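I opened this entry to keep track of what I looked up, one topic at a time.

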Amino acid sequence: MSTHKKDTLLVHALNVTKAFHGNEVLKGIDMDVSKGEVVCLLGPSGSGKTTFLRCINQLETIDGGRIWVDGDLIGFEDRGGTLHHLTDKAVAAQRRDIGMVFQRFNLFPHMTALENVMEAPIQVKGEKKKDVRERALALLEQVGLEDKPGAYPAQLSGGQQQRVAIARALAMRPKLMLFDEPTSALDPELVGEVLKVMRDLAADGMTMIVVTHEMGFAREVADRVVFMDGGVVVEQGRPSEVISNPQHDRTKSFLRRMR
Ligand code: ADP
C-alpha cells in the first residue's frame with residue numbers, strides 16, 4: 001500500500017492554474033502522487049482532467065503554481081509572479097521518463113507493432129537496436145500480443161492497438177504512466193483486455209494517473225480517486241470512500257449519472 005511520505009512523492013503539484021484564451025480550466029490544483037500509487041481522476045467532461053495530465057507531461061505549460069516530477073521542478077512561479085519554464089532540452093529529458101497513453105492510439109500506421117514499440121528507445125535514447133528489440137518483444141508478450149509483432153495497426157483491433165500503445169510507452173522505462181481515457185474510444189467488448197493490462201501494470205508497482213470513466217476499474221485498482229469538477233479538486237480519497245459514500249453534491253450527481 002502506498003504511503004504519503006514526502007520522499008516517496010513522484011508528482012507534487014501545487015496551486016496549478018491554466019487558462020485557454022481567458023477561460024480558466026485549472027483553478028488551483030493541488031495533487032500529490034506517491035511512487036507506486038494508482039490515482040484515478042474522475043469528473044464530468046470539461047472539468048480539466050486531460051489538461052492537468054497534459055501539464056504534468058508538459059504538453060501544456062502551466063500559467064501559475066508549481067509541478068515537480070520526481071523531485072524536479074517542471075514549471076514554477078517566482079515570488080514576483082513571473083512564471084519560469086524549463087528549456088526545451090530539459091522538457092524533453094523530463095518527458096522521456098513519463099509514458100502517456102491517449103484515447104486515440106496514435107500508432108505510426110506505416111510501422112509494425114514491434115517497430116512502433118522500438119521507435120522511441122532507438123530514436124530518442126539512441127539505444128542499441130538488438131537490446132531494444134528483445135525488450136520490445138517482451139513488452140508485446142506482457143500486453144498479450146506476442147503473436148502480433150509483424151502486424152500493422154490497420155490489421156489490429158482497437159484494443160490490440162491500445163495495448164501496443166501501452167507497450168510503446170513502457171519501452172521508454174517510464175517512472176510514471178499517464179492514461180487519458182484509454183478505453184473510451186473502444187468498442188465495449190474490447191475495453192476489458194486493455195483494463196487487464198493496466199491492472200497488471202498497477203500490480204507490478206507502476207505509478208499511474210488514469211483519467212477514466214470506468215468506475216469498476218477505479219474501484220478495484222485505484223489507491224485513490226480524485227474527483228474534479230470545474231477546474232478544482234472537489235474531493236478525493238479511497239475509492240470505497242469517494243465512490244460509495246461521496247460527500248459533495250457535485251460528486252453525488254456525477255456518480256448517479258455514471259451508473
Ligand atoms: P476533461 O478532460 O475533464 O474533459 P479538458 O481538460 O479536456 O477536460 O478540458 C477542460 C476545458 O478546457 C474544456 O472547456 C475544454 O474545451 C478546454 N480546452 C482544453 N484544451 C484546450 C485548448 N487547447 N484550447 C482551448 N480550450 C481548451
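Entry 1. I looked up helix 5 and helix 6 (residues 188-203) in this predicted model. Their axes come within 8 Å and cross at roughly 20°. Angles under 35 degrees count as roughly parallel, so I put helix 5 and helix 6 down as roughly parallel to each other. I also noted the hand: helix 5 passes helix 6 in a right-handed crossing.

Entry 2. I went on to helix 4 (residues 129-142) and helix 5 (residues 158-170). Here the axes are 9 Å apart and the packing angle is about 140°. That value makes helix 4 oblique to helix 5. I recorded a right-handed crossing where helix 4 passes helix 5.

Entry 3. At what angle do helix 3 and helix 4 pack? I found about 130° for helix 3 (residues 113-123) against helix 4, with 9 Å between the axes. Helix 3 and helix 4 are therefore oblique to each other. I wrote down their crossing as right-handed.

Entry 4. I turned to the ligand and listed the residues around it. They are F20, V25, P44, S45, G46, S47, G48, K49, T50 and T51. Which element gives the largest share of the shell? I found that helix 1 (residues 49-56) does, with three residues.

Entry 5. I checked which atoms of the shell come up to oxygen atoms of the ligand. For S47 I noted a backbone N or O atom, 3.0 Å from a ligand oxygen. For T50 the atom is an N or O in the side chain, and an oxygen of the ligand lies 2.8 Å from it. T51 also has a side-chain N or O atom to record, with a ligand oxygen 2.5 Å away. I then looked up how much of the ligand is covered: taken alone it exposes 560 Å², and the protein buries 62% of that.

Note on methods:
Residues are numbered from 1 along each chain as its sequence is written. This is a predicted model: local features need pLDDT of at least 70, side-chain atom pairs count only at pLDDT 80 or more; totals for chains, interfaces and linings use all residues. Side-chain values use heavy atoms; hydrogens and water are left out. A residue is near a molecule or strand if one of its heavy atoms lies within 4 Å of it. A polar contact is a pair of N or O atoms within 3.5 Å; within protein, one must be able to donate a hydrogen and the other to accept it, and residues adjacent in sequence count only if both atoms are side-chain atoms. Accessible areas come from the Shrake-Rupley method with a 1.4 Å probe; for residues, only the protein chains shown count as cover. Helices (H or I, at least four residues) and strands (E, at least two) are DSSP runs, numbered from the N terminus. Axes are lines fitted to C-alpha atoms, for helices over the stretch in contact, and angles run from 0 to 180 degrees between N-to-C directions. Angles under 35 degrees count as roughly parallel, over 145 as roughly antiparallel, 65 to 115 as roughly perpendicular and the rest as oblique. A crossing is left-handed if the near helix is turned anticlockwise from the far one by less than a right angle, and right-handed if clockwise.
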